[in-house]
Amino acid sequence: MKLGFYPGCSLEGASREYNESVQAVAEKLGIELVSIPDWNCCGATAAHNLDKELSLSLPARNLALAEEAGLTELVVPCAACYSRFTVTQHELLHDNAMHKKVNEIIGKEYKGTLRILNVIQFIEEYIIDKLEDNMKFEINKKVACYYGCLLVRPNKILNFDRTEDPQTMDVVMKKLGADSIDWAFKTECCGAGFSVSFTEAVGRLSGKIIEDASHRGAEALVVACPMCHSNLDMRRPAMDKYNGKKIDTPVIYITQAIGLALGIDRKKLGLNRHFVPVKLDNFKPYVKKEVVVENTQIMEEI
Amino acid sequence: MSNPHHTEDNSLAGKVQKHTGVKVSRCYQCGKCSAGCPVSSDMDFPPSLLIRKLQTGFPKHEEEVLRSKSIWFCLTCEMCIARCPMEVDIPPMIDYLRGESMRLNKANPAAKNIIRFHKAFLNSIQKTGRLYEMGLIVDYKSRSLNMVQDVVLAPSMFAKGKLKILPELIKDRKNIKQIFQKTLKNKHK
Ligand code: SF4
Ligand code: SF4
């Protein structure tokens, strides 16, 4: 099976373990991910903070290239890129004049035919049904699923999950055998694009998130966004300073959790690249649950 | 007499509505946005007050909005719109206000680092088509005086394979250049 794929800059650089785990899981389950030829950066926070047309044109060029390449579905694991892409698609399909203008700016025609999937939608549609037959281990740990902002908001455009207490990641983690906890910071902001330019804010916002998760006994945070991951993982010193104590709860990508359950090598999942060491191990071997077969005879008699 | 409905609304609120479709008059000042905003405490005035200032339409208030820290500290986390009972879409409004604030040279000095970072980021994309993180850090650090913290992180990022030495260059860089020329460059001289 072939699906379009947009890695984005983070997944090719500072968050390459996310890409590695997405690729490893896809390969294991026989899914081929085809990158958009000659893709460019989506513009991220910088573009939409400074110039609206630029912030629509950079994603639009990628979407147009994907259409040109004959792709119909596009997997975008980075929650930030996903948000820029979905917002662009929404704006252009609802604003004819802007659509024309952007086509002129990028020198290409974007039609708006692509289906854009975030990583959870990708998992729900193409992975979850294959888990039972392929799982080697149960992730028998207490985890806190952290959604952050961009997967669930703005709900009007994304139309994805409940904004205040989303469940989609929790469902996946439960399927993997994890105990996903209820907690208070599921959709609070981590500090996002201010990692470098306003690190104290990130220390405070991410600090509260990690504190609540660890306080409630989570052995790991599970995320689906490279921006959340690098804030929560790399900015741990600023967070520890805010909390006044050291917290060593690791942060893993949901695709790394799936990879661990599938028995994929830890290095292949990039687990060695984290700043906060991921010590999770001793997983319980997975035994496929017996499928209860209905008594067909009785059914027939009735 | 001219029909008031057909005159161009030159207030900042009018421009916001024209460019983003956001009607600040819908806000009834319940304050939910400010209560949920993760950076309210860093702002000089929280989102609901930003809106109130636009509602009055007083030139003094509009000036305060354009010169505020608030518009730059907003993280576009979208919490405000998620909770607003009147669906006042604050984040795109703030995007627009940032653009205006830059264009009119009114950006708050406290936002210096944030703007430098955005510029260094876009600069990187403009040249190569993709983000070159190492280049970004060097460029940003040379634009800001905030030298220490990330230079400390860089070697360990590098050791973990998280920083590339060379930038990735996309093929059609002319296309990217053209996109910048027709958008950002066009407006900011
Ligand atoms: S939540 Fe909406 S109605 Fe309430 S103060 Fe904020 S913008 Fe106004
Ligand atoms: S989008 Fe901006 S104003 Fe709204 S809650 Fe988030 S940080 Fe505050």
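1. The charged end of B:Lys53 sits over the ring of B:Phe45, at 4.9 Å from the ring centre. The criterion for a charge over a ring is that NZ of Lys or CZ of Arg lies within 6 Å of the ring centre and within 35 degrees of the ring normal.

2. On the basis of the note: this is a predicted model, in which local features need pLDDT of at least 70 and side-chain atom pairs count only at pLDDT 80 or more, whereas totals for chains, interfaces and linings use all residues. Residues are numbered from 1 along each chain as its sequence is written, chains are lettered from A and ligands numbered from 1 in the order in which they are written, and side-chain values use heavy atoms, with hydrogens and water left out.

3. Chain B holds twelve helices and zero strands; helices (H or I, at least four residues) and strands (E, at least two) are DSSP runs, numbered from the N terminus. Of the 189 residues in chain B, 49% are buried, where buried means under 20% relative accessible area, exposed over 50% and partly exposed in between (1.4 Å probe, protein chains only). Among contacts in chain B between residues at least 6 apart in sequence, 64% join residues at least 24 apart; a contact means heavy atoms within 4.5 Å.

4. Helix α1 of chain B (residues 12-20) has B:Leu12, B:Ala13, B:Gly14 and B:Val16 as its buried residues. These pack against α3, α4 (59-66) and α7 (90-103) of chain B. Just after α1(B), B:Gly21 takes a positive phi of about 80°.

5. Ligand 1 is surrounded by 13 residues, the closest being B:Cys27, B:Cys30, B:Gly31, B:Cys33 and B:Cys84; a residue is near a molecule or strand if one of its heavy atoms lies within 4 Å of it. Helices α2 (32-36) and α3 (47-56) of chain B each supply at least two residues of this shell. By class, the shell around ligand 1 has nine nonpolar, three polar and one charged residues. Here Ala, Val, Leu, Ile, Met, Phe, Trp, Tyr, Cys and Pro count as nonpolar, Asp, Glu, Lys and Arg as charged, and the others, Gly among them, as polar.

6. The residues around ligand 2 include B:Cys37, B:Cys74, B:Cys77 and B:Cys80, together with B:Glu78 and B:Met79. This shell has ten nonpolar, one polar and one charged residues.

7. Over all chains, the structure holds five aromatic pairs. Among them, A:Tyr6 and A:Trp39 form an edge-to-face pair, with 5.2 Å centre to centre and 70° between the planes. The pair links distant parts of the chain, 33 residues apart: A:Tyr6 lies in the loop between β1 (2-5) and α1 (8-12) of chain A, and A:Trp39 in the loop between β2 (32-35) and α3 (44-50) of chain A. Rings of Phe, Tyr and Trp (its six-membered ring) pair if their centres lie within 6.5 Å; planes under 30 degrees apart count as stacked, over 60 as edge-to-face and the rest as tilted.

8. In chain A, β1(A) and β2(A) pair in the parallel sense over four bridges, pairing being assigned if DSSP finds at least two bridges between two strands. A:Lys2 stands opposite A:Glu32 in β2(A). Two bridges join β1(A) to strand β3 (residues 73-75) of chain A, also in the parallel sense, with A:Phe5 opposite A:Val75.

9. A:Ser214 belongs to helix α11 (residues 199-215) of chain A. A:Ser214 counts as partly exposed because its relative accessibility is 25%. Not counting residues up to four places away in sequence, A:Ser214 touches A:Ile247 and A:Thr249.
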